[in-house]
Amino acid sequence: MPIGYYFVIAALMFCTGLTGVLLRRNAIVLFMCVELMLNSVNLTFAAAARQWGGADGQVFVFFVIVVAAAEVVVGLALIVNMFFRRGTLDVDAPQLLRG
Amino acid sequence: MQLLAQVTSDAATGGGAEVILFWVFASIALGSGIAMVTMRNIVHAALMLVLNLLCIAGLYLGLQSSFLSIVQVIVYAGAIVVLFLFVIMLLGVSRDDLLGTKNTTRTVGAVLVGVLLAGGLLAVLGADSLTDASACGSLAVEGDGTELSCIGLDEQIAGESDSVTLVGERLFTRWTYAFELSALLLVVATLGALVLGRRKDPAISDEDVVDHEAERALAEITASRAAATAAVVAEGTPLDEMLGDDSTPVEDHHHDGYGHGDHTGHDHSLLPDPGQSADSPTDEDS
Amino acid sequence: MSTILLAAQAAESVHLNEVLVAESGVLALAWLIPLLPLLGFALVLLLRSTLKETAAYVAIAMSTASFLLSVGVFLALRAEPGAYLVDVFDWIDVGGFTVSLDFLIDQLTATLLLVVTGVGTLVHVYSLGYMYGDERYERFFAYLNLFLFSMLMLVLGSNLLGLFLGWELVGLSSYLLIGFWFEDMHNAVAAKKAFITNRIGDVSFMVAMFYAFQKFGTLDFVGENGILERAHTVLSSDQAFILGILLLGGAVAKSAQIPLYVWLPDAMAGPTPVSALIHAATMVTAGVYLTVRMAPVLVESLDLMVLISWIGAGTALMAALIALRQDDYKKILAYSTVSQLGYMFIGVGTGGFSEGIFHLFTHAFFKGLLFLAAGSVMHAFANRTDIWRMGGVRKVMPITFATSAIAWLAISGVFPFAGFFSKDQILTTAYEHGFTGVWAVGLATAMITAFYMSRWFFLIFLGEPRWTEGETVVDPHGHGETTLHPHESESTMTFPLIVLAVMSAGAGLLNFTHHGLFYTWLEPVTALSQREYFEHGPLTEPALIALSLVAAGLGILGAFFAYVRRDVSAGRGAEVISGLPAELLERKFFVDELYETIFVRFGGVVADGAAWFDRTVIDGIVNGAGASARGVGSVARRAQTGVTRSYVGSMIVGAVVVLAILLAQVV
């Protein structure tokens, strides 16, 4: 199986997740889309590890998973916090940074 | 597991099983991804994410990464998505009313950006990558034409007996510090979530709790407990039996409101205070 | 300079100092000499509320101990001559550059140690009585100890940086002491003037250090790599001139020579013991010490030596002339110090280094004595300092009178008092080394010196009193009105007077002949800088001595007829010099006014220009930067929508662009 196929599927998944991030306003869904993007990158790592014959790519994926877990924990806590404070999950609602 | 092993060995040889595996899992992964992005119901979207993640776990198998495959199932599908579902349930927002944005320009723009990026990425990968059947192909050539050493994962795995061993060996030798740091990261993330997740309701302050009657009562209770402890120690009875049910809330209350001053010493000390036991001979606790 | 007979080689017969490390005995304890006064300073300052008046005794004990150690060092050096290095600690150690805070003890250092600690201790004792009752009595003694410490550090430093440390400390402590009664604006201004004038010299000194380090790679004085021994081989004549003139810049500021002498006459604004200390033992001697210490560098450039000698001669003459018409008896002494320092510079400039140091040595005694005697008179006359309202003081203050008489004769250069020997030997050297012009100026100055010092002495101590017992006087230091009851000062004040009088009378015997005891004692230090100068005139040494004596006699005689034989009850109207010259002298040749015009006014114009530049250009740039930032911000802030996803969108667009660039490079 040519490795290129894995890359292609990963790229497509990445763009799907990206479109979701741009499309959805719901914070939770947005977050899930980010997870999707992360996973597509993981897939790329694993595929590259296979192509170049290095186990290091797999170790990288492992670390990405760890970081993603940490990120999800903090991110979801933030979302919960935001919901309690504002009563909405709309990521467009908070515009404190507006110049 | 039998199937898994077979599939893995098939994948290693680059046989037909891998091709089937790839096409099945890849199409489901992509489909579930698109479904997740477009679904209005958040719970459904989360379930689509699970499906997607499981498919990726399947693709890992094809890539001879059985360790990653298992981790993917346990951590991602098992823990992370469950966390997502918990939050959705907690907040009670299963339907996303925000999806139907009135802003069509933005929707079109989002899709356009996605398609553009996809096109760009595919263009970078090029058509050659799809036709190259070997893991070590034309890509593995340096500028001056010499072929890179591309032993492939097979041989590495063969040297280490299996992929889990290989990853484990790498993780605890070459990447030890990163591994330690990731442990630290998890701790920090946990603490962060604790801090962020705490409700900011105005807590009952110490001053509200303090009243002198309670303080006096507490002093009595503490003293009598000390006396009781003294008695128990003298008789050799286990301490746990001595402490009645009502002692626990008193202790908690004491800890919250009066965790200061000279009471603390009596509260936490299991040693009897002879002076106090002499003063209050009545044993209220037991 | 066509008749230069500059022989580069030092005299062969002289035994030079060997550099040794002091390992045992009193020499190894030399680090205690400056440390004790420092300890005294710290103790007194910290415990002054506890110690109260005993603070003075602590300070005196420290300085006495320091003096005794100095005597020990002197004796040890006498027994085994040499240049001893006392390791203290490494001050700076950067890469290959090491500056150690070691002490160097040779004959020159030992001499100055004795002067500084000896006269310093006497001033301490004197202050017991003089400063009694002052509200900052303890603090005064703390500062005196600090001053002593500073000067000792200066003298003991084994390299230029160590010397410079003491140099700066001296500047600081003089500032503190001159402005000791800072409530009076006049004193505060004088302290500031002294400090700032000295800073000018300090900068010059610093540049000299940089230059010396560039040339020698070290700042150490002695040793094989030291500056002194290598000066002849390393420096060309021009380079020696540059380094010398930079060092001289420092020296003329500290030792109050033209053009930086202006601070010293004002510096007598401080308490009189401080004046005695500054003018006699410490501070002003620093410049002379520096020039003698660095003599091997100076002698490499004959032009420089000529310049130094003329600076000295000019200063000596000018200060003496100004002193002729001053009415404040402390001010007369101040100008006489400037004048006498001029003599020391003549000594240095004409190659008579040990003669210069010898004059420094004797001057410390008689000038210290003069100031302390003046303080004694001030003390008795409720701080009155106008000589025209004195007269006949000898009857009420016999000890002060007798000791002052010795000091007067010494400074006037009357045989056999100390000043005669030291001054005459300087002039003899000047003449014998062919500096005839300098010699002539020095001789004239000697006559003027004798005249104005006699005027000082006669108007204060002789004649009829121009004051009345019991008259009401207003104390210039703001202690209210008192009635005048002149009396002899108490024993703590007269004791130092007597000691100094003995030294003023007898110190000259240490170098009775020109190449006497003192000369040979210093020879191991000065031998490196022995040179031959110009051909000298026909006069022989006895003739020179006779001329000096005649000059002194003429001066005293003139003053005698002007101020004793004539009726001086009319006060200033009885002055012999009058008209334009008198005006010129009284206003001190308008030097202060000149400096005021050149530096202060001109500086003011420059400062005004700088201020304008600051307001318009600098502020304009700063404000313009602020305004432009605000302008850019008001445009750029439109990009900040606050919508999270728009940020994500722009991030992705950026990523796509980067991707495109990478792609373009691959293809």
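Is Pro94(A) buried, exposed or partly exposed? Pro94(A) has 16 C-beta neighbours inside 10 Å, so it counts as partly exposed. A residue needs 20 or more such neighbours to be buried, and 12 or fewer to be exposed. This is a predicted model.

**Chain A**

- Chain A has 3 helices and 0 strands.
- Read from the N terminus, the order of elements in chain A is α-α-α.
- Chain A has 99 residues, and 65% of them are buried.
- Take the contacts in chain A with a separation of 6 or more: residues 24 or more positions apart account for 46% of them.
- Pro94(A) sits in the segment after helix H3 (56-86) of chain A.
- Pro94(A) and Met82(A) are 12 residues apart along the chain, and 9.2 Å separates their C-alpha atoms.

**Where chain B touches chain A**

- Contacts link 79 residues of chain B with 63 residues of chain A.
- On the chain B side, these elements each give two or more residues: helix H2 (16-38), helix H3 (42-62), helix H4 (66-91), helix H5 (104-125), helix H6 (128-131), helix H7 (152-160), helix H8 (163-172) and helix H9 (176-197) of chain B.
- H4(B) gives the most to this side, with 13 residues.
- By class, the side of chain B that touches chain A has 57 nonpolar, 17 polar and 5 charged residues.

**Where chain C touches chain A**

- Here 12 residues of chain C are in contact with 10 residues of chain A.
- The chain C side of this contact divides into 4 nonpolar, 5 polar and 3 charged residues.

**Chain C at a glance**

- Chain C has 27 helices and 7 strands.
- Of its 667 residues, 51% count as buried.
- Consider the contacts in chain C between residues at least 6 apart in sequence: 80% of them join residues at least 24 apart.

**H2(C) with H6(C)**

- Helix H2 (residues 32-46) and helix H6 (residues 137-156) of chain C pack at about 155 degrees, and their axes are 8 Å apart.
- Angles over 145 degrees count as roughly antiparallel, so H2(C) and H6(C) are roughly antiparallel to each other.
- The crossing of H2(C) and H6(C) is left-handed.
- Residues of H2(C) in this contact include Ile33(C), Pro34(C), Phe41(C) and Leu45(C).
- Their partners in H6(C) include Glu138(C), Phe141(C), Asn145(C) and Leu156(C).
- The contact of H2(C) with H6(C) has 15 nonpolar, 2 polar and 1 charged residues.

**H6(C) with H7(C)**

- H6(C) also packs with helix H7 (residues 160-178) of chain C, at an angle of about 155 degrees and with the axes 7 Å apart.
- That angle makes H6(C) roughly antiparallel to H7(C).
- H6(C) and H7(C) form a left-handed crossing.
- Among the contact residues are Tyr143(C), Phe147(C) and Met151(C) of H6(C), and Leu163(C), Trp167(C) and Val170(C) of H7(C).
- This contact of H6(C) with H7(C) has 13 nonpolar, 3 polar and no charged residues.

**H8(C) with H10(C)**

- Helix H8 (residues 185-216) and helix H10 (residues 237-254) of chain C cross at roughly 155 degrees, and their axes come within 7 Å.
- H8(C) is therefore roughly antiparallel to H10(C).
- H8(C) passes H10(C) in a left-handed crossing.
- H8(C) contributes residues including Thr197(C), Asp202(C), Phe205(C) and Tyr211(C), while H10(C) contributes residues including Gln239(C), Leu243(C), Gly249(C) and Val252(C).
- The contact of H8(C) with H10(C) divides into 12 nonpolar, 7 polar and 3 charged residues.

**Nonpolar cores**

- The largest nonpolar core has 216 residues.
- Residues with the most contacts inside this core are Ala59(C), Ile105(C), Val116(C), Leu152(C), Leu369(C), Ala407(C) and Ile460(C).
- Helix H17 (residues 353-380) of chain C gives the most to this core, with 17 residues.
- Leaving out residues up to four places away in sequence, Ile105(C) touches Ala22(C), Leu27(C), Ala30(C), Val73(C), Leu77(C), Tyr84(C), Val86(C) and Ala110(C).
- Another core lies apart from the largest one and has 84 residues, among them Phe14(A), Tyr60(B), Val87(B) and Ala110(B).

Key
Residues are numbered from 1 along each chain as its sequence is written. Chains are lettered from A and ligands numbered from 1 in the order in which they are written. This is a predicted model: local features need pLDDT of at least 70, side-chain atom pairs count only at pLDDT 80 or more; totals for chains, interfaces and linings use all residues. Two residues are in contact if their C-beta atoms, placed from the backbone, lie within 7 Å. Helices (H or I, at least four residues) and strands (E, at least two) are DSSP runs, numbered from the N terminus. Ala, Val, Leu, Ile, Met, Phe, Trp, Tyr, Cys and Pro count as nonpolar, Asp, Glu, Lys and Arg as charged, and the others, Gly among them, as polar. Axes are lines fitted to C-alpha atoms, for helices over the stretch in contact, and angles run from 0 to 180 degrees between N-to-C directions. Angles under 35 degrees count as roughly parallel, over 145 as roughly antiparallel, 65 to 115 as roughly perpendicular and the rest as oblique. A crossing is left-handed if the near helix is turned anticlockwise from the far one by less than a right angle, and right-handed if clockwise. A nonpolar core is a set of buried Ala, Val, Leu, Ile, Met, Phe, Trp, Tyr and Cys residues joined through C-beta atoms within 7 Å.
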